[in-house]
Amino acid sequence: ILKIKPDIDFYGIFTVMKEVGSRGAHTSTYSLEPDLVVTLDETECADIPNVKEYNKFTELGKGAAISFMDDGTIYDINLVKKYMRLANDNNIQFQVKKSASGTNDSRAVHTEKNGVKVFPVLLPCRYTRSNVSVADKNDYNSIIDFTKMILQN
């Protein structure tokens with residue numbers, strides 16, 4: 001993603017301290033004053049035996065996960081619809097996260113200064129925050145394709 005050269009100002013920011021208030025996201029957003037931030041993060045995936053269907057928020061192998069809202073952010077519905085349409089038009093696999101639980105750095109970004117449009121592109125991941133996290137390489141590639149599509153549109 002960092003190697004592409006879109007026809008826009010583009011910054012790749014690697015933030016710190018998400019779990020204690022997204023401090024890195026606050027400072028970088030405040031400094032750069034972006035028009036749009038695409039947050040790349042992992043999200044829960046519990047598509048394993050003995051987990052009830054309603055607790056399976058995402059599934060491995062179904063592509064990048066996108067969200068309408070989470071514990072910290074309600075995303076711009078027009079932006080969500082636009083990127084879903086573009087992804088479908090470009091045959092980019094994605095899934096809609098089935099829960100509003102969890103959050104990412106978007107929670108800090110969208111409230112900085114006058115507010116910033118944000119869009120999450122999330123990697124479904126089993127056993128998050130452990131030393132044995134599991135993800136699907138196709139989902140990872142879907143995140144790259146989805147993010148490139150956003151930057152090019």
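Which loop is N91 found in? I went looking and found N91 in the loop between helix 2 and strand 3 (94-96).

**Ground rules.** I am working on a predicted model, where local features need pLDDT of at least 70, side-chain atom pairs count only at pLDDT 80 or more, and totals for chains, interfaces and linings use all residues. Numbering runs from 1 along each chain as its sequence is written, and side-chain values use heavy atoms, with hydrogens and water left out.

**Overall layout.** I noted four helices and four strands for the protein. These are DSSP runs numbered from the N terminus, with helices being H or I of at least four residues and strands E of at least two. From the N terminus on, I read the order as α-β-β-α-β-α-β-α. Of the 153 residues, 39% count as buried; buried is under 20% relative accessible area, exposed over 50%, partly exposed in between (1.4 Å probe, protein chains only).

**Positive phi.** Back to N91: its phi is near 55°, a positive value in a residue other than glycine. I put N91 down as exposed because its relative accessibility is 73%. Y127 also went on my list, with a positive phi near 60° and again not a glycine. Y127 sits in the loop between strand 4 and helix 4, and it counts as partly exposed because its relative accessibility is 42%.

**Second largest pocket.** I looked up its volume and got about 160 Å³. A pocket here is an open set of points on a 1 Å grid over the protein atoms alone, where a 1.4 Å probe fits, with protein on both sides within 12 Å along at least five of seven lines; lining residues have an atom within 4 Å of a point. The volume is the space filled by probe spheres set on the points, which are joined across faces, edges and corners. The lining is I1, L40, D41, E42, V121, L123, Y140, I143 and I144. Strand 1 (36-44), strand 4 (117-125) and helix 4 (137-152) are the elements that give two or more residues to it. By class I have seven nonpolar, no polar and two charged residues; Ala, Val, Leu, Ile, Met, Phe, Trp, Tyr, Cys and Pro count as nonpolar, Asp, Glu, Lys and Arg as charged, and the others, Gly among them, as polar.

**Surface patch.** F68, M69, I74 and I77 form a nonpolar patch on the surface, with about 370 Å² of accessible area together (Shrake-Rupley, 1.4 Å probe). Such a patch takes residues with over 30% relative accessible area and no salt bridge, with nonpolar side chains (Val, Leu, Ile, Met, Phe, Trp, Tyr) joined within 5 Å. A salt bridge is a Lys or Arg side-chain nitrogen within 4 Å of an Asp or Glu carboxyl oxygen. I placed F68 in the loop between strand 2 (64-66) and helix 2 (77-89).

Terms used
Patch = residues over 30% accessible without salt bridge, like charges linked within 9 Å, V, L, I, M, F, W, Y side chains within 5 Å.
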